[in-house]
Protein chains: 2
Amino acid sequence: MTGLDVAELARGVRGGERRALARAITLVESRRADHRAEAGDLLDALAGTGRQALRIGLSGTPGVGKSTFIEAFGMMLTGQGLRVAVLAVDPSSARSGGSILGDKTRMDRLARDPRAFIRPSPSQAQLGGVARRSREAVTLCEAAGYDVVLIETVGVGQSETLVAGMADLFVLLLAPGGGDELQGVKRGIMEIADLILVNKADGDLKPAALRTVADYAGALRLLRKRVQDPDGFPKALPVSALEEAGLAAAWSEMKALADWRRANGHFARVRAEQARAWFEDEVRQGLLARLERDAGLRARMAALGDAVEAGRAAPSRAAAEVLAALEAAQG
Amino acid sequence: MTGLDVAELARGVRGGERRALARAITLVESRRADHRAEAGDLLDALAGTGRQALRIGLSGTPGVGKSTFIEAFGMMLTGQGLRVAVLAVDPSSARSGGSILGDKTRMDRLARDPRAFIRPSPSQAQLGGVARRSREAVTLCEAAGYDVVLIETVGVGQSETLVAGMADLFVLLLAPGGGDELQGVKRGIMEIADLILVNKADGDLKPAALRTVADYAGALRLLRKRVQDPDGFPKALPVSALEEAGLAAAWSEMKALADWRRANGHFARVRAEQARAWFEDEVRQGLLARLERDAGLRARMAALGDAVEAGRAAPSRAAAEVLAALEAAQG
């Protein structure tokens, strides 16, 4: 992007041009030092628009009908005149059929909607890089005037925590299950879900979906109430993306929760805390990046890690060795 | 500890002397540089004893009867000829009535038992420091020939994750609850619990305890099976520390789970992974400690964090500023 006109790009993003937004996200995804500098300038130029989207984190394992849901839910929102951006956060470089957004064509109605913007996850991303890129992409979508930013994740490893750290609400999408271990729900996710939506509440699966809703509603009641929750939250609800049923009810719950949190100061507080956490995380990541930058040090870390794992070295001693080498190198 | 004879202390620990073990733990708790060096020598001297305890993490909020349970459970184990060490992990310096082990006298029978060793949590500890101290204390107890090391935590913040990272099994102790939000169970804990014990299954509370067991058994069935779990785990069981009922059954489940994991290679694998994670964590903590060591940098971090939280600075820009200052300081 030699000769990039950052001011012009910022104008395009602020004007809501999808092509400018796409270019801007490509810029923040780049790891090149000159691109990083331009990305910083761009974000500075876009600061202070005063625009605020509702940022909704959405997680669901493959097979729950996530792409169908996002399309139906997104179309409902654009039908109300709202502008909707969909971002994927997928730290796995393999992308083994999990992320729907590797394949935009599976949401072709929404992709063609002028009020919608869909952006797949960049490939070969590491968790640290994904975090920064995603936070900045959310900021860009917000500056571009989108009303709702859906941040989709496939529900593997730590990606939910990551997404929860940049979302105002967190929605977990499930399929009707036998109530047993079929769902493969990560245990920690109950910690962060504001709304559990059981999809496929249609046809033969409807009774099973309603049972699953009741099971999860029961499980949610066992958990401690969070300060940022009004009575009754987190909730479990049935939806049918196929029949487009329950979507308005789900949206209404999301708005009610967001409104309650705004009225009670939790919305702004959580965003401020997220910003501070983002700052502190970037400092830590920047420091730890030194371990990655130096190939010799990296090799030493790996060898010592193997020795520790095999029981040939004590963890503390091995760590002290690495730190001493680091001090010496920088001394 | 000027003039400390590390070899003699190591002999005492290896000989199972409780006073030597207590002194050794005091040494690893110290943050003084000379003590850290001696602690390293001591751990080196104690490496290769080949002794392995069963490390059991135990969490429970105040009011569940944790001290009564630990005493009854510990006495049952020492009654079988086993040697039991109890360590507290409590990152909160306030210790607001949570940690039973601030008050050894509440477990005075076990404290007087020659086969038992009880060690309260050090005061004014930070999470990073608590992690290292606790891992090293567990290692010392193991070298001293204890058969079971109970690592107790009060269940606040991240302490469960910390304890799970140094335990072979994780037990959650609950009181009978109305099934609602009374328990104050941290949501993430279901992720790591191997066994949920519902205490106070005696007298008038027995029916409620059995209902709570059924509720949690149901909730556990909704969660994904973990690779390190045989069929039927994680389990929920009733116990009565007061009537000393259900303790043998709980111990039998713990042994069965540990045996299964040993037979299937998970026990050794998890320990090796824990050791590697410990090493990597120490390197990261050592690097991040630089942010703490430099008072000027610390003040700058706090001021920039405030600015970010108030919306006066962008997180990435603020982070870049700190990192640049750090590079400049180190030349």
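In this predicted model, B:E17 counts as partly exposed, because its relative accessibility is 47%, which falls between the 20% limit for buried and the 50% limit for exposed. B:E17 sits in the loop that links α1 (6-14) and α2 (18-29) of chain B. Its C-alpha lies 9.9 Å from that of B:F117, although 100 residues separate B:E17 and B:F117 in sequence.

**Helix α3 of chain B**

Helix α3 of chain B covers residues 33-46, 14 residues in total. From first C-alpha to last it reaches 20 Å, close to the 20 Å expected at 1.5 Å a residue. Its buried residues are B:H35, B:R36, B:E38, B:A39, B:G40, B:L42, B:L43 and B:L46. An α-helix has 3.6 residues a turn, so residues three or four places apart point the same way. Among the buried positions of α3(B) are B:H35, B:A39, B:L42 and B:L46. The buried set also includes the charged residues B:R36 and B:E38. Just after α3(B), B:G48 has a positive phi of about 80°.

**Helices α10 and α11 of chain B**

In chain B, helix α10 (residues 266-293) packs against helix α11 (residues 295-309) at an angle of about 85°, and their axes are 6 Å apart. The two helices are therefore roughly perpendicular, since that class takes in angles from 65 to 115 degrees. On the α10(B) side the contact involves B:R290, B:L291, B:E292 and B:R293, and these meet B:A295, B:L297 and B:R298 of α11(B). Sorted by class, the contact between α10(B) and α11(B) holds 3 nonpolar and 4 charged residues, with no polar ones.

**Cysteines and accessibility**

How many disulfides are there over all chains? The count comes to 0, with a disulfide taken as two cysteine sulfur atoms within 2.5 Å. A:C141 is buried, because its relative accessibility is 0%. B:C141 is likewise buried, because its relative accessibility is 0%.

| Residue | Relative accessibility | Class |
|---|---|---|
| A:C141 | 0% | buried |
| B:C141 | 0% | buried |
| B:E17 | 47% | partly exposed |

**Chain A as a whole**

Chain A contains 12 helices and 7 strands. Of its 331 residues, 54% are buried. Where contacts in chain A join residues at least 6 apart in sequence, 75% of them link residues at least 24 apart.

Methods
Residues numbered from 1 in each chain as written. Chains lettered and ligands numbered in written order. Predicted model: local features only at pLDDT ≥ 70, side-chain atom pairs only at ≥ 80, totals over all residues. Heavy atoms only, no water. Axes fitted to C-alpha atoms, helices over the stretch in contact; angles between N-to-C directions. Helix = DSSP H or I, 4+ residues; strand = E, 2+ residues; numbered from the N terminus. Parallel < 35°, antiparallel > 145°, perpendicular 65-115°, else oblique. Contact = heavy atoms within 4.5 Å. Buried < 20%, exposed > 50% of the residue type's maximum accessible area, 1.4 Å probe, protein only. Expected span 1.5 Å × (residues − 1).
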